[in-house]
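Thanks for coming. I will go through one structure today, sheets and helix packing to begin with, then some backbone and ring details.

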Amino acid sequence: MTTLDAAKAWRDQDPDPVTRAELETIIEDAEAGDAAAVAALHDRFDSRLAFGTAGLRGELGAGSNRMNRVLVTQAAAGLARFLLGRESHPSIVIGYDGRVNSDVFARDTAEIMAGAGVRAILLPRMMPTPVLAFAVRHLGVSAGVMVTASHNPPRDNGYKVYLGGRDHGSQIVSPVDAEIHEAIVDVASTTSIDQLPRSSEFEVSGEEVVDAYVAATAALAPHGEGAALRVPVPFVYTALHGVGWEVAQRVFREAEFAEPTVVAEQIEPDGAFPTVAFPNPEEPGAMDLSFATATRAGAQLIIANDPDADRLAVAIPDADAAEGWRRLSGNEVGALLGWRAAERLQREGRMAKLAASIVSSPALSEVAKAHGLSYSDTLTGFKWVSRVGGLAYGFEEALGYLVDPEKVRDKDGISAAVDLLALVGELAAEGRTLEDHQRAFDERFGAFASAQVSLRVTDLARIPAIMAALRDAPPASINGVRVSQVDDFIRGFGVFPASDILRFWMDGGARVIVRPSGTEPKVKVYIDASSTEGGVDERRAAAEAEVAALEEGMRALIV
């Protein structure tokens, strides 16, 4: 079948008038000899979005290499086939966020599942990803689907899959992803989607699931007499045009926190994300409205969720910063919440494990060591962090934190906010701030500094080329700092399965990790260093200087 034939076959089965018309125009232009249209068809149909451990994620549009109703319907049918091969009576819960077509893709999934004989439960309305992850365990279903692209650009959408049963509500990992992908491809190659059975006989869950999530999450903060040990801290909250506010507000109230001042321009779901270039609190400018709102309100803290509320960003006052506020890195928040988790375990006399992805700061391993707890590094992604046995707390540097593994086996920006707000309130009761607490951390465990180099590409071939160049000729030094050891994960390394990761250990203990992003067209570099010499300020200066030197060197190597 030619690319043009594939495009016509796709158009003929597409139930979406927008993408069907879009494709019809491209086909007509290609048939008229328009070179740009021919190239567009090849871009859209020479490959398809692969179903991997992150599920599906890509730009909205017509074609097998885009997110659209045809692709999602094929994915749902393939997933249904996979589930029916594992269980005689499988079940699934489906959630969706506020992105363009998330609700449509979720309903398509519910109808296809019900038509295939899978019990399908649709959440009552757009919800945060953590609520869906919670629902998989709470309802005891076989699987869950969340339609979201998290913090990706506005034109993207995605499809995350969780498994219940022995997977305890965690995201899928290999080899399950390959099995589902194979089933999807088989559906796509043999069946037009208008031939797939659909049914409107799916369930819509009541409020009980949401109520249960709110109650369980609010319970993470001390209530009653325990709440008296903290001072209400005025804070600002932004949902970044996502779906976090409805649930977060209920949780904050039930946890007896102060009512936040909201960033009004960003509080309601809006798939166009009109006030930000990228709806990711890590991106420059994304929190500018939060800074301005907090300054006007006289707030002492800023809490931000990303659009599906599985991530948490935190900012604190800083007179030296241009905006008057400093956003804490994911590593900084992760270390502080990890310290809190370790102290909680120590008070309760429980032995459990702390974990972080290998690209996250080694600070958490020092916390575990100091408290006599075990610690695990995992591959990048919460699908791996959540699967650590005996886990009490885990995090990844990309603003992801898991503070309550018994409730949710995925990162959860709302429960992390509860733990953080409780900590800040307790510090305030002692006359201390989060910055004071950070200095206490650096004094006890050492000062840890981190940086990230993120190279976004338009030509995807650049990513394997960069990795191959570093692999074939690894640097002997990076900006004058000698490389003492290179760990290549391409065929597996230690307990880790094969992964496209390079780790460089430097003289003095710093490290540099390079890997392709799993969800975006990027090469990412993670740099970490630490110091225990001198006072807090000296430790910080030494760690930051080493990170800055390595960052400069890595930019010269890959950019």
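This is a predicted model: local features need pLDDT of at least 70, side-chain atom pairs count only at pLDDT 80 or more; totals for chains, interfaces and linings use all residues.

F395 stands opposite Y401, a residue of β16.

L399 is not a glycine, yet its phi is positive, about 65°. Most residues other than glycine have a negative phi. Is L399 buried or exposed? Its relative accessibility is 0%, so L399 counts as buried.

A second residue of this kind is A309, in the loop between β10 (301-305) and β11 (312-317). A309 also has a positive phi of about 65° without being a glycine. With 0% relative accessibility, A309 counts as buried because the limit is under 20%.

One more backbone item: the peptide bond from S174 to P175 is cis, with omega near 5°. P175 is in the loop that runs between β6 (170-171) and α7 (176-190).

Which helix packs against α11? It is α14, residues 413-429, at an angle of about 80° and with the axes 11 Å apart. That angle makes α11 roughly perpendicular to α14, because 65 to 115 degrees counts as such. From α11, the residues in the contact are L337, R340 and R344; from α14 they are A416, D419, L420, A422, L423 and E426. By class, the contact has five nonpolar residues, four charged and no polar.

The other sheet I want to show is open, with six strands in the order β17-β22-β21-β20-β19-β18 and antiparallel pairing. Its edge strands are β17 (447-456) and β18 (477-478), each of which pairs on one side only. Two bridges join β18 to β19, residues 481-488, and these strands run antiparallel. There, I478 stands opposite V481 of β19. Helix α16, residues 462-472, lies across β17, β19, β20 (502-506), β21 (511-516) and β22 (522-531), and runs at about 145° to β21.

Last, the aromatic rings. How many aromatic pairs does a search of the whole structure find? The search finds 12. One of the pairs is W10 with F45: the ring centres are 5.8 Å apart and the planes are at 75°, so the pair is edge-to-face. W10 and F45 are both buried.

F235 and F252 also pair edge-to-face, at 5.5 Å centre to centre with 85° between the planes. F235 is in strand β8 (residues 235-238) and F252 in helix α9 (residues 245-254). Both F235 and F252 are buried. Ring pairs join F235 and F252 with Y237, W245 and F257 in a cluster.

Definitions and conventions. Residues are numbered from 1 along each chain as its sequence is written. Side-chain values use heavy atoms; hydrogens and water are left out. Two strands pair if DSSP finds at least two bridges between them. Helices (H or I, at least four residues) and strands (E, at least two) are DSSP runs, numbered from the N terminus. Contact means heavy atoms within 4.5 Å. Axes are lines fitted to C-alpha atoms, for helices over the stretch in contact, and angles run from 0 to 180 degrees between N-to-C directions. Buried means under 20% relative accessible area, exposed over 50%, partly exposed in between (1.4 Å probe, protein chains only). Angles under 35 degrees count as roughly parallel, over 145 as roughly antiparallel, 65 to 115 as roughly perpendicular and the rest as oblique. Ala, Val, Leu, Ile, Met, Phe, Trp, Tyr, Cys and Pro count as nonpolar, Asp, Glu, Lys and Arg as charged, and the others, Gly among them, as polar. Rings of Phe, Tyr and Trp (its six-membered ring) pair if their centres lie within 6.5 Å; planes under 30 degrees apart count as stacked, over 60 as edge-to-face and the rest as tilted.
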